Every structure is written in C-alpha cells, then in structure tokens.
Amino acid sequence: MIYLRNTALLLLFILCVSFGYLHHGWSNYDQTKVLDFESTIEESTFENPHTIAKVSYQNEPWTVILAPASRMTARGLSAEMIKKGTSVRIIAYPHKREKGEMRAETIYVDKKKYELR
C-alpha cells in the first residue's frame with residue numbers, strides 16, 4: 001500500500017514539474033523596458049493557459065502573451081474583440097531571452113483600457 005501511494009505521489013510530482021516550463025511568469029520579462037505601441041492583430045488564439053496575439057512591432061513580427069482566456073472574459077474582453085484585423089494599443093514588456101516575445105500588461109481595444117495582470 002505504501003509503495004502504491006509513493007508511486008502515485010512521484011507520478012503526480014513528475015506531471016507537475018513537466019508542465020512548469022510552459023508557464024509564462026512575469027519574472028521572464030524585462031519590466032524595466034516598457035513597450036507602448038499601436039498595431040493591428042494579425043492572428044490570435046483565445047484559450048488557456050494564455051491568450052496569444054501576433055502583431056507587428058517596429059516592422060518585426062512579435063508574439064504577445066496576454067492573460068488567460070478566463071481572466072480576459074472576466075475583464076470584458078472576448079475572442080471577437082481581439083480577432084485578426086483589430087487595431088489595438090499594447091503596453092508590454094519584452095522577454096528577457098526569447099526574441100520576438102512580449103507579455104502584455106494592458107491592452108486598449110476601441111480606446112477602452114483592459115488591465116491584464
């Protein structure tokens with residue numbers, strides 16, 4: 001019985017650790033470099049663990065990590081509001097190591113401000 005319990009705990013631990021690298025924690029982003037710009041959404045994925053938008057920033061393609069879909073919905077943002085072709089203003093921080101990735105703190109859609117943190 002103890003062997004079965006320990007095996008189950010070990011498997012649970014391995015499962016939790018194996019998905020840890022997918023987390024987009026704020027510590028991975030340089031919060032001393034604020035990116036504040038307007039762009040048009042070229043592509044978006046509205047799902048958990050994070051909603052993602054593809055935009056152009058300084059003539060380069062960027063991936064913007066937004067809040068989880070549940071938080072976006074709770075704050076009044078829907079998938080329809082951030083679909084391809086939507087003009088947005090984004091305030092974000094660049095990833096410390098991944099070129100072309102940023103994490104959004106705030107997004108403006110139709111000049112309305114949505115806090116994402």
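Okay, let's start at Arg-117, which counts as partly exposed at 40% relative accessibility. Partly exposed lies between buried, under 20% relative accessible area, and exposed, over 50%, using a 1.4 Å probe and protein chains only. Quick note: this is a predicted model, where local features need pLDDT of at least 70 and side-chain atom pairs 80 or more, while totals for chains, interfaces and linings use all residues. Residues are numbered from 1 along each chain as its sequence is written, and side-chain values use heavy atoms, leaving out hydrogens and water.

So what does Arg-117 form a salt bridge with? Its partner is Glu-105, with the closest N and O atoms 3.2 Å apart. Glu-105 sits in strand β6 (residues 101-109) and Arg-117 in the segment after β7 (112-115), so the pair, twelve residues apart, links distant parts of the chain. Glu-105 is buried, at 16%.

By salt bridge I mean a side-chain nitrogen of Lys or Arg within 4 Å of a carboxyl oxygen of Asp or Glu. The whole structure has five.

Another one joins Arg-89 and Asp-36, at 2.8 Å between the closest N and O atoms. Arg-89 belongs to strand β5 (residues 87-94) and Asp-36 to strand β1 (residues 35-40), so this pair ties together parts 53 residues apart in sequence. Arg-89 is partly exposed at 27%, and Asp-36 is too, at 44%.

Then there's Lys-113 with Glu-115, at 3.1 Å. Lys-113 is partly exposed at 45%, and so is Glu-115 at 34%.

To zoom out, the protein has two helices and seven strands; those are DSSP runs, H or I of at least four residues for helices and E of at least two for strands, numbered from the N terminus.
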